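Please keep the sequence and the model at hand while reading.

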Amino acid sequence: MTVSTDLAVTFTSMASDIEIRVVDPAPGAEEAVDRAVAAIGAIATHLTRFDPESALSKANRAPAAWHDVPAVLADAISAAHSAHRVTHGLFDPRVGATLAAWGYDKSFERIQTEAVGTTSWDIEIHRTLRGAPVARATWEPTVTGTVINLGGSPIDLGGIGKGLAVRHAAAALADAGRSVLVDAGGDEWLAGPGPDGDGWKVGVEDPLGRDEHVLVLAVTDLGVATSSIARQRWTVRGVPVHHLVDPRTQTPGGAGLAAVTVLHPDPAWAEVWSKTLYLTGAADIAASAAALDLAAAWVTVDGEIGLSAAIRPFVLWQVTR
Amino acid sequence: MTSPTTAARRVAALTLIPTSVAVFGAGLAWANSHDPYAGSSSKSGTSSQTPDDQLAAAQAKVDDAQAKLAKLQAEVDGRNADAASQSAAAASASSAAQPAAGTATTAAGTKATTQAKASATVAKPVVVAAPAAAPKVQTVTKASTKP
């Protein structure tokens, strides 16, 4: 008889509940978990723009200057820069300025309890050229870390930060056990056959607030990310806004969509693509997902569920309405 | 009284008759071989048929094909009748089972009814599956509380 005791750790970081679970842990699994926790902590510490003393906040205050930053921040900027290019500008970390103008310059919990700033729409709306480089970010290694120059534009790495945290944690846990789960508030990495041996069963939350999941996926060795406006919505002078800003218009994007879920071998790219596909809106998401051959599922504001061809093999169950 | 000479002449004449007949017959045969009308009567072939004959032959073929088609159609009709009766029996069984379950939603019921009708139309057996419950999940992907 084989007795298996899973190794599980939960904690809070990046304003999210984090869970790490190792099924049938191998020798050294606890050390691997410690490294994963540290990797997530480094992302949270250096990439946040809600802490004025974080490396990113310091760089954003003088975006045209050179800054000596931790390598984890330089790597994150590099990853964001790649995402910007690959998505032809739909993924744009510079939308952080717009979010800040809408009052999203503090954690979302505080937005809900404090008066939103008085910044007007007219002042803060500005258009950017689609496909323009993201501030021509450059970096070079130094003795103490890496120096960067943001090229004059402050950035927000919230669109990729948790995906990167999950990516780093997954790397640390590569040999930790038979199966591994890393969950950073809905952005996940699912390695191995899962507890039952036939894939991790992943419920896809209903963005319209109903208790029942809209889908159940069976996943092995993939990242999963969901971009949704279910929670992060507020109003600015009576105008409803959410956190998924379309860089082409500097306004809330994704017309007609409530949520998008993407499976991808890299959890950071799962997050990037979920946000990018969301911005294409309900009218274009099916064609966009097909053209990119992405495993994607989406829910419209009317509750309709859409599936790309690439995700259908992973769908174990779909709600009937 | 017949003289011996006369008798000999009569025997000679009778002997010559078959020879004459043979020569005449050979002459007829030669004539037949050189008379197109006389010779063609022994040959068979369409070239000798009149247009009425050809039309009659074609009509016979059409009649034969129509008879075969009628036979095949009768066979197909018989098979469809058997399948329809089986489908009706299956639909009746499933409709009897649904109230017993008592949990089918309106949407699911409508869908099942539609499926049954469609199946009856195409004469296929109907299999109505009850809505499956969501499998137990081990994790949930969801909206972030913070981007």
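Is A:Arg167 buried, partly exposed or exposed? In this predicted model, A:Arg167 counts as partly exposed, because its relative accessibility is 29%.

The side chain of A:Arg167 meets that of A:Asp266 in a salt bridge, at 2.8 Å from N to O. A:Arg167 belongs to helix H7 of chain A and A:Asp266 to the loop between strand S15 (257-264) and H8, so the pair ties together parts that are 99 residues apart in sequence. A:Asp266 counts as buried, at 18% relative accessibility.

## The packing of H7 and H8

Helix H7 (residues 161-172) and helix H8 (residues 267-292) of chain A pack with their axes 7 Å apart, at an angle of about 160 degrees. H7(A) is therefore roughly antiparallel to H8(A), and the crossing is right-handed. The residues of this contact comprise five nonpolar, two polar and three charged.

Among the residues of H8(A) that meet H7(A) is A:Glu271, which is buried with a relative accessible area of 1%. The side chain of A:Glu271 also forms a salt bridge with that of A:Lys275 (3.1 Å, N to O). These two residues of helix H8 lie four residues apart, about one turn of the helix.

## A further salt bridge

Over all chains, the count comes to eight salt bridges. One of them joins the side chains of A:Asp156 and A:Arg49, at 3.0 Å from N to O, and both residues are buried.

Notes. Residues numbered from 1 in each chain as written. Chains lettered and ligands numbered in written order. Predicted model: local features only at pLDDT ≥ 70, side-chain atom pairs only at ≥ 80, totals over all residues. Heavy atoms only, no water. Axes fitted to C-alpha atoms, helices over the stretch in contact; angles between N-to-C directions. Parallel < 35°, antiparallel > 145°, perpendicular 65-115°, else oblique. Left-handed = near helix turned anticlockwise from the far one by under 90°. Contact = heavy atoms within 4.5 Å. Nonpolar A, V, L, I, M, F, W, Y, C, P; charged D, E, K, R; others polar. Salt bridge = Lys/Arg side-chain N within 4 Å of Asp/Glu carboxyl O. Buried < 20%, exposed > 50% of the residue type's maximum accessible area, 1.4 Å probe, protein only.
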